[in-house]
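The following questions and answers set individual contacts against the criteria by which they are named. Please consult the sequence and the structure while reading.

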Amino acid sequence: MSNNSMADRFYFSNDTLSLINKYIGSTFVIKYGGSAMQDCSLQSQVIKDLSLLYYLGINIVLVHGGGMFINQWLRKLNIKPLFENGIRITDSPTMDIVEMVLIGKVNKQLVSLFNQNSINSVGLSGQDASLVTASPMFDSSINFTGRVDSVNPKLLDLLLSNRFVPVIASVASDYHGNRYNVNADTIASAIAVAIKAKKLVLLTDTPGVLLDLNDYSTLIKELDLGTVNSLKSNNVISGGMVPKIQCCVDALNGDVQSAHIIDGRIRHSLLHELLTYDRVGSMIVL
């Protein structure tokens, strides 16, 4: 599916108005990452679309990664990015770069884009106010790739009640102050549960769940947990889609009403997914 396969403009319809009425006052957690972040024009458009949702009365929490930017800076510093089974191996020098790039660069760039749209946003990481407590994913004292142990929603509740948009980098720490690089999908899912969000949306580099990875017309637009389990057992859901689906399932089991996987590379995909009944990605429900 190319960027040109969808109209560059989003038009309001009667369906859109009914959905807006349905969502006013709700909270959506959006995870933003992948190559959709590399295109400055597309990045600006995503923030404009989020700003529109905000002005329509929807509370927004944005969680972001930035793996491609981390890799760029590692190479600039002659540090080779290392992965095992698709998961970044984060040694101490890499953790320093992860923290600097995600918190110091990417996070503030996204906050700046919100500012340009007259949205009050606050840049955070999982470390702020002990928002996300993490622990090591691996039994190694030199690998700082982490998993989410708990989420403290107090700061987010305070910000959302005052109509701020939290922008959260996927870095967290444990009770001893050790820093961890945590998968942004996982943090977004855990936060969605903790703040009782209505929706979790993963902006990715794929249209959603496909019956045939080579045929975008085989997109499955709606799945329940039974369908998910069947597709996993038949290896239709495999590889990098497995952890994304698991994050969605975890959110649903935590009382999030629906989870969506959509292609963030397509202009206005967020609006088409959330404000039309046709939608453009995969929606997972109980």
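**Aromatic pairs, salt bridges and charges over rings**

Q: Why is Phe-28 called buried?
A: In this predicted model, Phe-28 has a relative accessible area of 0%. Buried means under 20%, and Phe-28 therefore counts as buried.

Q: What makes the pair of Tyr-23 and Phe-28 edge-to-face?
A: The ring centres of Tyr-23 and Phe-28 lie 5.2 Å apart, with 80 degrees between the planes. Rings pair if their centres lie within 6.5 Å, and planes over 60 degrees apart count as edge-to-face.

Q: Why is the pair of Phe-144 and Tyr-180 called tilted?
A: The planes of Phe-144 and Tyr-180 stand at 45 degrees, and the ring centres are 6.2 Å apart. Stacked requires under 30 degrees and edge-to-face over 60, so the pair is tilted. The pair links distant parts of the chain: Phe-144 is in the loop between β6 and β7, and Tyr-180 is in strand β10.

Q: How do you know whether Phe-144 is buried or exposed?
A: The relative accessible area of Phe-144 is 19%. The limit for buried is under 20%, so Phe-144 is buried.

Q: What makes the contact of Glu-99 and Arg-179 a salt bridge?
A: The distance from N to O is 2.6 Å. The cut-off is 4 Å, and the contact therefore qualifies as a salt bridge. Glu-99 belongs to helix α4 and Arg-179 to strand β10, 80 residues apart.

Q: Why is Arg-179 called partly exposed?
A: Arg-179 has 22% relative accessibility. Buried means under 20% and exposed over 50%, so Arg-179 falls in between and counts as partly exposed.

Q: How do you know that Asp-185 forms a salt bridge with Lys-244?
A: The closest N and O atoms of Asp-185 and Lys-244 are 2.8 Å apart. This lies within 4 Å, so the pair forms a salt bridge. Asp-185 is in helix α6 and Lys-244 in helix α8. Both residues, Asp-185 and Lys-244, are buried. Together with Lys-31, they are linked in a network of salt bridges.

Q: What makes Lys-76 a charge over the ring of Trp-73?
A: The charged end of Lys-76 is 4.1 Å from the ring centre of Trp-73.

How values were computed
Residues are numbered from 1 along each chain as its sequence is written. This is a predicted model: local features need pLDDT of at least 70, side-chain atom pairs count only at pLDDT 80 or more; totals for chains, interfaces and linings use all residues. Side-chain values use heavy atoms; hydrogens and water are left out. A salt bridge is a side-chain nitrogen of Lys or Arg within 4 Å of a carboxyl oxygen of Asp or Glu. Helices (H or I, at least four residues) and strands (E, at least two) are DSSP runs, numbered from the N terminus. Buried means under 20% relative accessible area, exposed over 50%, partly exposed in between (1.4 Å probe, protein chains only). Rings of Phe, Tyr and Trp (its six-membered ring) pair if their centres lie within 6.5 Å; planes under 30 degrees apart count as stacked, over 60 as edge-to-face and the rest as tilted. A charge sits over a ring if NZ of Lys or CZ of Arg is within 6 Å of the ring centre and within 35 degrees of the ring normal.
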